[in-house]
Amino acid sequence: MTKPTVRAKIANPDSILFEENLIDHNGWSQTIPGAPATGFSHNTYFQSNCRNLEFRNNIVSRASAVGGGIRCGGSVYNNLFLSNPRNLFIGSFDPAQINWPTEGVEGELAYNVILGARPELGSVFYDPGNGITLERVRNVSVHHNIIAHFTEVSEGNTGIGINRADNVSLNNNIIYNWGNNQTSGLDFASGITLGDNLQGVVSLSHNDVQMKNTQGYCINKWGGFANTSFSDSRYHNVVSASNWFSIGSFSDWSTASGETNPQQIDVNYADPERDISTYLTAVGQTGGLAEFIQLRKQMSQSNWNPDYTAQSVNNYIREGFGIPAISNLAEEVSIQEVFIYPNPNISGMFTLNLKTNPYSSLKIFNEKGQLLLRKNNPHNGEIIDLSSHSPGIYFFLLEGKDKNFMIKAVKP
């Protein structure tokens with residue numbers, strides 16, 4: 001039996017901050033005989049008995065199987081996933097780990113960028129090339145992620161897959177060119193796959209699903225549409241319009257799903273083909289993924305280069321999709337320049353502290369990605385009243401001419 005290897009395997013601790021790491025190519029080799037990629041080896045693996053995980057600003061690339069294995073749930077922010085067979089997995093397929101529906105891990109996956117996948121079709125566990133997988137979860141918010149450029153040939157891959165889920169929101173995500181790149185054969189590839197084991201409400205809104213392959217669906221829905229809600233998403237596919245969805249045409253989808261305000265549109269992004277190769281060119285280098293990882297490995301605490309961080313690459317990719325760059329996503333966002341207090345705040349009355357006032361607007365979103373409030377020209381000392389809103393996580397987006405800041409606020 002193949003011995004499992006995991007670069008970061010963590011079990012039982014309470015409160016974990018996993019930040020600014022490079023986890024690359026664990027547990028397999030293309031040059032060593034007898035060391036192929038298998039489903040037993042992963043880049044990271046946080047067991048279901050961990051608690052309070054913050055996983056942010058990491059680069060996770062070229063895993064044998066799972067890149068980010070988040071069995072325990074938690075907060076997963078602003079990470080860069082590159083060419084993993086299963087890039088980001090929250091929850092578990094294993095009922096011995098999570099006894100769903102009695103149990104289900106919670107979490108938030110936001111502002112991550114996933115570029116490509118490497119299918120491992122002959123491994124012990126079949127990994128056809130996936131972006132985000134959610135299994136045996138509840139109360140999970142997935143928002144403002146970009147999943148793009150699956151260019152390999154595979155069967156059954158999906159951008160975002162959800163099953164055995166209770167109360168999941170999927171909002172403001174972009175899935176672009178994530179097909180199986182076959183011209184015939186099985187067509188189970190999809191931008192989004194929804195299983196038939198859903199409870200509570202699984203809601204999808206304001207997502208872009210822009211497919212570029214004749215064997216891929218925009219959405220593949222197993223079973224009926226109980227426990228689901230859809231609104232305001234934008235769909236496109238290069239396949240015949242009668243076969244955009246597993247249920248049939250765009251019209252068939254609108255009728256069966258009951259989606260409000262869906263759009264059938266080929267979105268014209270600024271520069272959606274940006275990838276690691278074009279990023280290296282933009283920073284004066286050449287090459288592709290291997291060269292980028294090598295440059296990142298040359299960094300150290302005393303030899304830091306922000307060009308090879310998840311933050312810089314993610315902002316470059318976001319701008320290609322017309323999304324403003326984000327300066328920081330942690331609670332302690334540049335405390336010398338901008339912060340809010342008290343945070344957490346049970347009353348919901350937050351005070352905005354700005355060392356300077358370069359911001360033209362403040363937007364506040366809930367954890368479902370819904371815009372709750374907008375203020376023009378916010379000033380130092382401004383009181384933000386969220387007292388009428390339910391306890392939860394809120395995002396303060398400060399937009400300026402040259403930079404933006406995102407702060408996470410908590411109302412217990």
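Student: Which cysteine sulfur is closest to that of cysteine 50, and how far away is it?
Tutor: This is a predicted model, in which local features need pLDDT of at least 70 and side-chain atom pairs count only at pLDDT 80 or more, while totals for chains, interfaces and linings use all residues. Residues are numbered from 1 along each chain as its sequence is written, and side-chain values use heavy atoms, with hydrogens and water left out. A disulfide is a pair of cysteine sulfur atoms within 2.5 Å, so the closest sulfur is too far for a bond: it belongs to cysteine 72, at 4.8 Å.

Student: How many disulfides does the structure hold?
Tutor: Seen from cysteine 72, the closest cysteine sulfur is that of cysteine 50, again too far for a bond. For the structure, the number of disulfides is 0.

Student: Is cysteine 50 buried or exposed?
Tutor: Buried means under 20% relative accessible area, exposed over 50%, and partly exposed in between, with a 1.4 Å probe and protein chains only. Cysteine 72, with 12%, is buried. Cysteine 50 has a relative accessible area of 1%, and therefore counts as buried.

Student: What radius of gyration does the chain have?
Tutor: The radius is taken over C-alpha atoms, and the globule rule is 2.2 Å times the number of residues to the power 0.38. For 412 residues a compact globule would come near 22 Å, which agrees with the chain's value of 21 Å.

Student: What share of the residues of the chain count as buried?
Tutor: The same cut-off for burial applies here, under 20% relative accessible area. Of the 412 residues, the buried share is 57%.
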